[in-house]
Amino acid sequence: MQAYRKPTFYSSYNFKKIPQVEARLSKDEIFAIEVISKILPFKTNNYIVDQLINWENVPNDPMYILNFPQREMLSEAHFKRMADAILANQSDKELDFLANQIRMQLNPHPGGQMELNVPSLNGKRIEGLQHKYAETVLSFATYAQTCHAHCTFCFRWPQFVQMDGYKFAIDEARLMLEYLKVHTEVTDVLFTGGDSLFMTADQLSIYIDAILDANLEHIRNIRFGTKTLSYWPYRFISQFDAENTLEIFQKIIRHGKHVAFMAHFNHAIELSTPIVKDALIKIRNTGAEIRSQSPVMKHINDTSDIWADLWKEQVRLGIIPYYMFVARDTGAHDYFSLPLNRTFQIFNEAYKKVSGITRSVRGPVMSAGPGKVHITGISEIMGEKVFNLTFVQGRNPDWVNKPFYAKFDEEADWLEGLKPAFGEKEFFYEKEYKKIMNEADKLLIHS
Ligand SMILES: *Cc1c(COP(=O)(O)O)cnc(C)c1O
Ligand code: SF4
């Protein structure tokens, strides 16, 4: 196998040149990719095309669906508008304008993340940081605002398509540091993106050295949100800065801090190649721990066997299963989403099939506006069928770990679709949540 040093990226401009695309896809399928990739991000690379996708299985191959736009990801009406515009040879400018119009109808910022989570220091908003849960600050580093490939279901998609004003970025580690210095309640800094490990070792060092050199005792854990292990494991083996990157992890650990990979794996196929196994060993040899999280998505990983296999394979390879998420209500949500009931059954059946050390996983979890809501069960209480819910993270920490109940609903696929059980008017947190939202709105209008 070839030890790639650099990826070859494919996007809407050059995907027709991929030999497997030419050989396997029909004219209609290729046109559909062209139409959708004008609106939603499309990016893949040679590792995925050559080693993860089984082209014999296309169009049903999960890795293909994970990366290549699918016709049904857009509504009939949206698809037709863009298809007609392309066939009418409209200019790039006109196509972009139409694309932005359509994107605005696809709920680009679910969970109020734009408005509410950007923190301030001395009255100035620090774009590029998010601070929603007390202990953990997210850093959206400038150079991490893309990935080695784009997942078709991604809720971060507005960051990749360059809509004005929608890109979180931090260009100064200094600003992050000033914020961290005064927020001693923070224990974790989670670098995210995009993909935090799209950054080169040099870029990453700017942020890491800032934290380490300042000797911030309260920062205990440095986390990296990343799908690089799935999409570009060569990053840790043969890429020009592979060794330097591993040294950064070692350096953090020498400073007495924990390095946590928040790795994103959707399917055991992503753990099957020799190169990803080598990369896992290299990373674990630095002392870093790897945890894994993924949403449940129709067409990609919607059976309990897929999940049981994924978790079992992870544990065998030294990865700690962490979160199973509910597909978020954004982008091509209709194509990927499953009812909460179904997602819960998938979790439950998979959970029964694995040993105790694999049951470190929590799920299904909705990462929603008020917090991370865990569906812990479906019960019948006093004759009423209900979802048992609890917050594993709350915008107000007092909400965490307090059981609450929603009326069972066969169709609901997100928190907003749920109604309180037992005749209650609203969930226990709603009054306070509305107040927080209103106050944040007022602040934004006046700032
Ligand atoms: C998920 C998430 C975190 C991290 O939560 P953990 O439960 O600590 O892994 C932090 N901030 C935001 C905004 C999140 O959505
Ligand atoms: S790797 Fe993560 S951030 Fe990047 S496209 Fe996939 S889900 Fe989105």
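Leu40 lies in the loop that runs between α2 (27-37) and β2 (43-45). In this predicted model, Leu40 has a relative accessible area of 5%. Buried means under 20% relative accessible area, so Leu40 counts as buried. Leaving aside residues up to four places away in sequence, Leu40 touches Met73, Leu74, Leu106, Trp157 and Ala332.

Asn89 is found in the loop between α5 (76-87) and α6 (92-104). Its relative accessibility is 69%, and the cut-off for exposed is over 50%, so Asn89 counts as exposed. The backbone of Asn89 has a phi near 55°, which is a positive value in a residue other than glycine. His299 also has a positive phi, of about 75°, although it is not a glycine. The place of His299 is the loop between β10 (289-296) and α14 (304-316). Is His299 buried, exposed or partly exposed? With a relative accessibility of 33%, His299 is partly exposed, because that class covers values between the limits for buried and exposed.

The next topic is a pair of helices. Two packed helices are described by the angle between their axes and the distance between the axes. For helix α9 (residues 173-182) and helix α10 (residues 201-213), the axes come within 9 Å and cross at roughly 30°. Angles under 35 degrees count as roughly parallel, and α9 and α10 are therefore roughly parallel to each other. The crossing of α9 with α10 is right-handed. On the α9 side the contact is made by Ala173, Met176, Leu177 and Leu180, and on the α10 side by Ile206, Tyr207, Ala210 and Ile211. Sorted by class, this contact of α9 with α10 has eight nonpolar residues, no polar residues and no charged residues.

A cis peptide bond joins Gly193 and Gly194, with omega about 20°. Gly194 is found in the loop between β7 (188-192) and α10.

Strand β7 leads on to the sheet. Strands of a sheet pair through backbone hydrogen bonds, either parallel or antiparallel. Here 11 strands form an open sheet with mixed pairing, in the order β5-β6-β7-β8-β9-β10-β11-β12-β13-β14-β15. Which strands are at the edges? They are β5 (129-133) and β15 (404-407), each of which pairs on one side only. With direction ignored, neighbouring strands of this sheet are turned by 30° against each other on average.

Within the sheet, strand β13 (residues 371-381) and strand β14 (residues 384-394) pair in the antiparallel sense over 10 bridges. His374 stands opposite Thr390, a residue of β14. Another cis peptide bond belongs to this part of the description: the bond from Gly363 to Pro364 is cis, with omega near -15°.

Conventions: Residues are numbered from 1 along each chain as its sequence is written. Chains are lettered from A and ligands numbered from 1 in the order in which they are written. This is a predicted model: local features need pLDDT of at least 70, side-chain atom pairs count only at pLDDT 80 or more; totals for chains, interfaces and linings use all residues. Side-chain values use heavy atoms; hydrogens and water are left out. Helices (H or I, at least four residues) and strands (E, at least two) are DSSP runs, numbered from the N terminus. Buried means under 20% relative accessible area, exposed over 50%, partly exposed in between (1.4 Å probe, protein chains only). Contact means heavy atoms within 4.5 Å. Axes are lines fitted to C-alpha atoms, for helices over the stretch in contact, and angles run from 0 to 180 degrees between N-to-C directions. Angles under 35 degrees count as roughly parallel, over 145 as roughly antiparallel, 65 to 115 as roughly perpendicular and the rest as oblique. A crossing is left-handed if the near helix is turned anticlockwise from the far one by less than a right angle, and right-handed if clockwise. Ala, Val, Leu, Ile, Met, Phe, Trp, Tyr, Cys and Pro count as nonpolar, Asp, Glu, Lys and Arg as charged, and the others, Gly among them, as polar. Two strands pair if DSSP finds at least two bridges between them.
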